[in-house]
Structures are given as C-alpha cells and as structure tokens.
Amino acid sequence: MPAEGEAVRYRSVWPLTLLALKATACALAFTRTPGFQTPSEFLENPSQSSRLPPLFRKHVRPKKQHEIRRLGEVRTHLGGRGWVWEPIEAVSPRGTCSVPPPSHAGSKAPLGRITANRVSVPLVKKLRDLTGCTQVVDVGSGQGHLSRFMSLGLGLSVKSIEGDQRLVERAQRLDQELLQALEKQQRRAPQVVHAGPRHPPRHVVKWVDPTALCEELLLPLEPPPPGGAARLLLTGLHACGDLSVALLRHFCRCPEVAALASVGCCYMKLSDPGGYPLSHWVAGLPGCELPYRLREGACHALEEYAERLRKAGPGLRTHCYRAALEAVIRGAQPKLRRPGVQGIPRVHELKIEEYVQRGLRRVGLDPQLPLNVAALQAHQAQEHRVVAFFSLALLLAPLVETLILLDRLLYLQEQGFHAELLPLFSPELSPRNLVLVATKTPLGQAFSALETEDS
C-alpha cells in the first residue's frame, strides 16, 4: 500500500481484475483518514504525547494517550469528513444537503448513497454542553483512563462502568494517585492548576447485558434539580463486541440518554443474530451475512501491516507460522476452533517447530506432540503465498467494517435519530478510528457551534 503521492514500481503488471477489485474496495469503504496530518504529538518522545498534560500520561500507553486526547479534547477541529446516509433524490447538485433520515424499517429500503459531510470533531465535552447532558457514562471503561481524563481533566461528571473487578480496583488506585499528584502540583504552582474541588469518576462493577436495559447505567450520580431530569451522554472507547450494540440500544430506548459517542472493536465477538445486522435496511440486503472470518479480518491493523509489507522484514512469516500451527491443532484436536494463541514474542527468531510447540502449550495441548518437521518446513516454503492471501483479506477488511458501521448508522436513523461517523483517531496509532456520534436533535443544529475551531 503506497503512501499518498508515492510512486511505486512493480516487477510485473497486476491483473486487471485485481486492480479493479482494489479500486472498488477503496471506493466503497468509509475513509479512515482524518482531516489532520499524522500527529506530531510523539515526535519528541514516542511514548509521551506532547499534547496531553504530563500527569494524565502516567500509566497510559501512547495509543490510549492519543485516543483520550482526541475524544476528550476541548480545542480541536477535525476539518475532515463525517459520513451520512443520503437518499439519492435529496442530493443537491451543489453538494451535501440536510435531509431526513431513512424511513421507518417497515417501509421499502431507501435508495441512497454515502456522502462526505465536512464537520468539526464532536468532542465529548462540547457534545455534553450542546445537548444539555448532566452526566457522562463511560461503558467498558477498563482501567478508567478516559473517565479519569474527562472527570479530573475536563471537570465532567462521570460514571465509569466496567465488568472486571480487578480493572475497577486498578482504576480506583490510579484515581487516588492522580488526585495526590494534582494536589501536589497545585501547592507548587497554584496559578497553573484551577482551584476548587475535584471529583474522580464514580466506578461501578457491572456487566452490561446487550439484550436488556441496565438500570445502573441510567441512575444519575446526583438527584436532578426540582422539575428537571437527568440527561446522559453514553460513551464507549473501543467497547468490545456486543457492548457497542448495547450502547446503541440504550440510546434508542431510554429517554434519559440524549447523546452517544461510541467507538467499536472486536467485531468477531458480535452475536449472530443479535449484534449484526441491526438495521432493517442491511438485513434486507441479499448476502448481508458476515461470517466470523470476515468480521475477525476487519479488526486487523491495516496501516501497520502495510508498513510491514513495505519493509519486507522477517516478521511477515508470523502468518505462515500461525497457519502451520492451526493445521497441527486441527490434526490433534479437530473440534478446537479459533483458539486464542495470543502473541508469541520474537517469532522471526524461532524455528517453525519451536513456534508450534509454544503455540500448543498456549492452547492447552501437549507441546511434546510428535511433529512432522518436513511437513512444517513445506508449510514454511509457502510463506510468500500466505502473505499474499493475508494481504488480499486485508484489502477487503475496510469494506467489512464499513458494512458493520453503516448498519449501526442506519439503525439509529431508521428510528428518527441523527448520527454520523467520523475518523477521529490516527489509524496508524488506533486502527479502529471511526467514532459513531448520535443525538436526539439534528446534528446540523446541535453542532453549529463546532463549524469553526475555538480560538
């Protein structure tokens, strides 16, 4: 995958059918390229974002630093493209126009097309302000990095929901550590740190059932004012599998939820049926089914793999080794499918039989199983063919992700809500970089203040 403007020469001419497939796949997929250049925040230090306050970088990996900064940042302008569904008959010759969402699911599927809509970043703080939300609910919060930044960095009222008790305990320890650091910083430089009480996020241990409403998720942190009602903004940063679907259903069914900002991941963990398709429009498409292999392929880091292809280093043999391991696993245990091997370090330094032995141990099989070394070496001789096959699979991966996210977009619009998809993160740092933003008032009105960058 050449970089933009880069001239590439090949030893042989690609078949026209392959060129046509590549062009078609690129044309039909949502853009993954944000409207900003590759972030300069890591030029000085590859592990420390220069655009995130130092205290909020501690214990946070560079990828997550970039994500919480982009999702929670106050003074950023995307200047890129959002994606909306637009009926063909409503398309203006001058460009994108404001149109009603697709009709209710019971009616005929609307003819339409995906169009680019130039908008500003729907940042969580501004989204909260513009929709009048009194509380942010971070679902699937993990160690609480995003919740901590929104509450202690941006001053938002945040409830953090996570199903893993160990992660919640870790998040609470990090909250206290950050509070102590902020207090120490304020004593040293009171003019730098805003005075006043700081409230860490409220952490709740709770598994969210994607098929039912979660009462804990909807409970306000504080009683609403007399005559008022709590208004919630749901957010999930890479909420795994059905958890992203649960956020959409809560947004649609609960009047207290006024806004949504969701970034999905782990599409292979979606329930089938139940997690996809959600919209009646996509469900009515012939052949809309997405088997596990396609959904799993849509979760790979496309840009990172393209860089590995450019370098053509020994690390590319990982896929060949993994394919050989799969053949051994199926021979020893035919019913064991999709075992989680996880990453085996320094694969390129191992002999293929050594890799297979380590992989067998990781999936609970006897690493001393008799191996046909000649057969494994024959597998290794096919290394370049495996790389070619995997590259073709990744060529289609953005199309699969586009179909899944388009389904979610239409699911919201079929019910009368306004939603957009925005490439918010740098795909080199965060491959699942499309954020689904929805409100119960039209985005054109709610986001009018975001058309220009803050001064």
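Welcome! A count over this structure comes to 18 salt bridges, and a search of the whole structure finds 4 aromatic pairs. Please keep in mind that this is a predicted model. Here is a short tour of some of these contacts and of the residues around them.

**Salt bridges**

- Glutamate 41 and arginine 69 meet through their side chains in a salt bridge, at 3.0 Å from N to O. Glutamate 41 lies in the loop between H1 and H2 and arginine 69 in helix H2, so this pair ties together parts that are 28 residues apart in sequence.
- Arginine 432 and glutamate 401 form another salt bridge, 2.9 Å from N to O. Because arginine 432 lies in the loop between S8 and strand S9 (434–439) and glutamate 401 in helix H14, the pair ties together parts 31 residues apart in sequence.
- Arginine 432 is buried at 8% relative accessibility, and glutamate 401 is buried with a relative accessible area of 3%. Salt bridges that share partners join Arg32, Glu303, Glu401 and Arg432 into one network.
- Arginine 346 and glutamate 349 also meet in a salt bridge, with 2.4 Å from N to O. Here arginine 346 is exposed, with a relative accessible area of 53%, while glutamate 349 is partly exposed at 46%.

**Aromatic pairs**

- The ring centres of phenylalanine 56 and phenylalanine 149 are 5.4 Å apart and the planes stand at 85°, so this pair is edge-to-face. It links distant parts of the chain, 93 residues apart: phenylalanine 56 is in the loop between H1 and helix H2 (62–72), and phenylalanine 149 is in helix H4 (residues 145–153). Phenylalanine 56 and phenylalanine 149 are both buried.
- Phenylalanine 251 and phenylalanine 417 make an edge-to-face pair too, at 5.1 Å centre to centre with 70° between the planes. Phenylalanine 251 belongs to helix H7 (residues 242–253) and phenylalanine 417 to the loop between H14 and S8, so the pair ties together parts 166 residues apart in sequence.

**Around phenylalanine 251 and phenylalanine 417**

- Phenylalanine 251 is buried, with a relative accessible area of 0%, and phenylalanine 417 counts as buried at 14%.
- Lysine 440 places its charged end over the ring of phenylalanine 251, 5.1 Å from the ring centre.
- The C-alpha atoms of lysine 440 and phenylalanine 417 are separated by 5.3 Å, although these residues are 23 apart along the chain.

**On the surface**

- Leu21, Leu392 and Leu396 form a nonpolar surface patch, with about 220 Å² of accessible area together.
- Leucine 21 sits in helix H1 (residues 16–28) and counts as partly exposed at 37% relative accessibility.

Methods:
Residues numbered from 1 in each chain as written. Predicted model: local features only at pLDDT ≥ 70, side-chain atom pairs only at ≥ 80, totals over all residues. Heavy atoms only, no water. Buried < 20%, exposed > 50% of the residue type's maximum accessible area, 1.4 Å probe, protein only. Patch = residues over 30% accessible without salt bridge, like charges linked within 9 Å, V, L, I, M, F, W, Y side chains within 5 Å. Areas by Shrake-Rupley, 256 points an atom, 1.4 Å probe, with all protein chains shown as cover. Salt bridge = Lys/Arg side-chain N within 4 Å of Asp/Glu carboxyl O. Helix = DSSP H or I, 4+ residues; strand = E, 2+ residues; numbered from the N terminus. Phe/Tyr/Trp six-rings, centres within 6.5 Å; stacked < 30°, edge-to-face > 60°. Lys NZ or Arg CZ within 6 Å of the ring centre and 35° of its normal.
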